[in-house]
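Look through the sequence and the model before reading on. The notes below are grouped by topic.

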Amino acid sequence: MCRLLYELMKLFFTILPLLAAGTCAGSAQVTTGFRGATETKRGLQSGCSDCCTSIDALPFENIILCDHGHIAHAISDTIGNTCSHNRDIEAQKLSGKTTNQEAYDFLMGICKDRIQGCTSLESLDFASIRDCHNSHWAKEEIRNKQVGCTVVRSDWQEAIAITGTLSWSEAEAVLRETCFEKITPCVQYTDLVEGFKVASECSGWHGVHIPIQERLDESCKRTREEEAVAIVWNLEKATSPDTKVVWHDEDQTTTNAHDYLVDRCKENIVPCTSLDALDLVNIRECSNSHWVRQEIQSKQIGCAAETRQDWQEAMLITNTPTWDEAAVVLRTKCYENITPCVQHTDLFEDMKHVGDCHAWTGVLHPITERLTDSCQRTNHEDAIAIVWNLEKDANPNKIVIWNDEDETTTDAEDY
C-alpha cells in the first residue's frame, strides 16, 4: 500500500507542471473587453506562459486612438482584475519588450493597422469640398460621415484612424494631399471663358466674381472666391503640383486666383467695337466726352455684352485701366480725326460778302448756310471744328472752344 501511494504521488508531481503550463498557454477565458465582452486566449506566442490575454484579443478595431493612454486602457479592460500583474507589465509581455516605451510603441504599430474608422478616406467627398487649405472643411466632412457611428471619436481622432497615421499633424497632411488630388470645380473653365468674353470689364468683381456667380448652381457648396481657387488649382496642378493657390495675398510664392483669372479675362474678353471703328470724323465735339460715349453706345447695339457700359467699353478698346485714362486716349483720337462739315476756304469766301463781322453775321450765319442735313453739328460746334482743323498742326495741345475768358484756350468766335 505504501509503495502504491508513493508511485501515485510521484506521478502527480510529474504531471502537475504540465497541467499548469497547459492552463496558462492554452486555456480559454472570458473577460470584459474594451466596449463589451470579448473571448480572449492567453499567450501571445510560445514561451509567454504568463500572459493574461493576447494581442488579437485587444479591441484595437474600435479603440478611440492608437496612443499609449488608450492602449493601456484597452489592456486594463481586457485583462480585468484577474491578472496577477498590471497593464504595463502585460504590455511588455505581449510585445516581448523590456520597457514601457518600447512595448507601447510596438503595440501602437499593430493598433494602427487594425483600427477601423467610422468612414474611410475614399468615402470623404473631397470633390465637392469647399477648401483644401483649411482643415476645418475636411473635419466637417468627417463629422458628417460619423453620424450614427457607435465609436465616439472626435473628428481629428477619426482622421487619424482613417489615414493610418499616429498624430493629427500627419493625418492633416494626408487629408490635404488627398483633397488636392480630388477637388473638382463646380464651374468648368471653358464655361467661364464664355463669361469672360461678355464681361463688363476684367476687374475682380466684374471679370471674376460675376462670371463665376452666374454659373454656380445651388448644389455647389463654395463661395465665389473658393470656387475661383478650385478652378485655378485644377488648371495649374498638372504643371505646378507644388504651388499653393489662394484667393488673394501679397505672398510672391503663392498663386493668386484673383490675379490669375483677371489675366485670363483680359485674354478672352471681346469688345463690341474698336477705336478705329468709331466715327470720330463726324463727331459733334471732342472736348466733351459725352459725344464720344454716345458714339460708343451706337456701336454697342446688338452686342452680346449687354451689361457693359459705354465707359467700360471705352476702357476696353483703348486698353486702359480707368475711365479717366480712356477719356484721354479717346479725346486725342477724336482731335486727330474730326473733320469740319464746312471747308474753311468756302467759309472765308462767304466772309467777303457779309454785312459785318459780328459772331452771328460774320461767322455763324455763313456756317449755317453751308451746313447740310447730313452734318450732326450745330453752327457753334462746326466753328470749333473749323478752327481746330486750322490750328492743330501749330498748336496740337491747345483746346478750341466757342468762347470763354480762359487765355489758355483758343476761342473759335474771336478767331
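What share of the contacts in the protein with a separation of 6 or more comes from residues 24 or more positions apart? Such residues account for 56% of those contacts, where contact means heavy atoms within 4.5 Å. The model is predicted, so local features need pLDDT of at least 70 and side-chain atom pairs count only at pLDDT 80 or more, while totals for chains, interfaces and linings use all residues. Residues are numbered from 1 along each chain as its sequence is written, and side-chain values use heavy atoms, with hydrogens and water left out.

**The protein as a whole**

- The protein has 17 helices and six strands; helices (H or I, at least four residues) and strands (E, at least two) are DSSP runs, numbered from the N terminus.
- Of the 415 residues in the protein, 41% are buried. Buried means under 20% relative accessible area, exposed means over 50%, and partly exposed lies in between, with a 1.4 Å probe and protein chains only.

**Helix α16**

- Helix α16 covers residues 359–370, and its twelve residues should span 16 Å at 1.5 Å a residue; the end C-alpha atoms are 16 Å apart, which agrees. The expected span of a helix is 1.5 Å times one less than its number of residues.
- The buried residues in α16 are G362, V363, L364, P366 and I367. They lie on the same side of α16, because they cover an arc of only 160° around the axis; the arc is that of the directions from the helix axis to the C-beta atoms.
- Those buried residues of α16 pack against α15 (344–351) and α17 (379–391).

**Helix α17**

- The 13 residues of α17 should span 18 Å at 1.5 Å a residue, and this agrees with its end C-alpha atoms, which are 18 Å apart.
- Ten of the 13 residues of α17 are buried, so the helix is mostly covered. Among them are I384, A385, V387, W388 and E391.
- The cover over the buried residues of α17 includes the helices α12 (289–300), α14, α15 and α16, together with the strands β5 (400–401) and β6 (410–411).

**Where α16 meets α17**

- Two packed helices are described by the angle between their axes and the distance between the axes.
- The axes of α16 and α17 are 9 Å apart, and the helices pack at an angle of about 100°. Axes are lines fitted to C-alpha atoms, for helices over the stretch in contact, and angles run from 0 to 180 degrees between N-to-C directions.
- α16 and α17 are therefore roughly perpendicular to each other. Angles of 65 to 115 degrees count as roughly perpendicular, under 35 as roughly parallel, over 145 as roughly antiparallel, and the rest as oblique.
- On the α16 side, W360, L364, I367 and T368 take part; they meet N379, H380, D382, A383 and I386 in α17.
- By class, this contact of α16 with α17 has five nonpolar, three polar and one charged residues. Ala, Val, Leu, Ile, Met, Phe, Trp, Tyr, Cys and Pro count as nonpolar, Asp, Glu, Lys and Arg as charged, and the others, Gly among them, as polar.

**Where α9 meets α10**

- Helix α9 (residues 204–213) and α10 have axes that come within 9 Å and cross at roughly 95°. That makes α9 roughly perpendicular to α10.
- W205, H209, I212 and Q213 in α9 meet R224, E225, E227, A228 and I231 in α10.
- The contact of α9 with α10 has, by class, four nonpolar, two polar and three charged residues.

**Helix α11**

- Helix α11 (residues 257–268) has twelve residues and reaches 16 Å from its first C-alpha to its last, close to the 16 Å expected at 1.5 Å a residue.
- A257, H258, Y260, L261, V262, R264 and C265 are buried in α11. The buried residues of α11 pack against α8 (189–197), α9, α10, β3 and β4 (254–256).
- D259 is also placed in helix α11, and D259 counts as partly exposed because its relative accessibility is 33%.
- D259 and D249 are ten residues apart in sequence, and their C-alpha atoms are 9.9 Å apart in space.

**Two loop residues**

- K237 is found in the loop between α10 (224–236) and β3 (244–246). With 27% relative accessibility, K237 counts as partly exposed.
- Not counting residues up to four places away in sequence, K237 touches F180, E181 and I183. K237 and E181 are 56 residues apart along the chain, and their C-alpha atoms are separated by 8.8 Å.
- N319 has its place in the loop between α13 (310–318) and α14 (323–337). Its phi is near 55°, a positive value in a residue other than glycine.
- Is N319 buried or exposed? N319 counts as exposed, because its relative accessibility is 71%.
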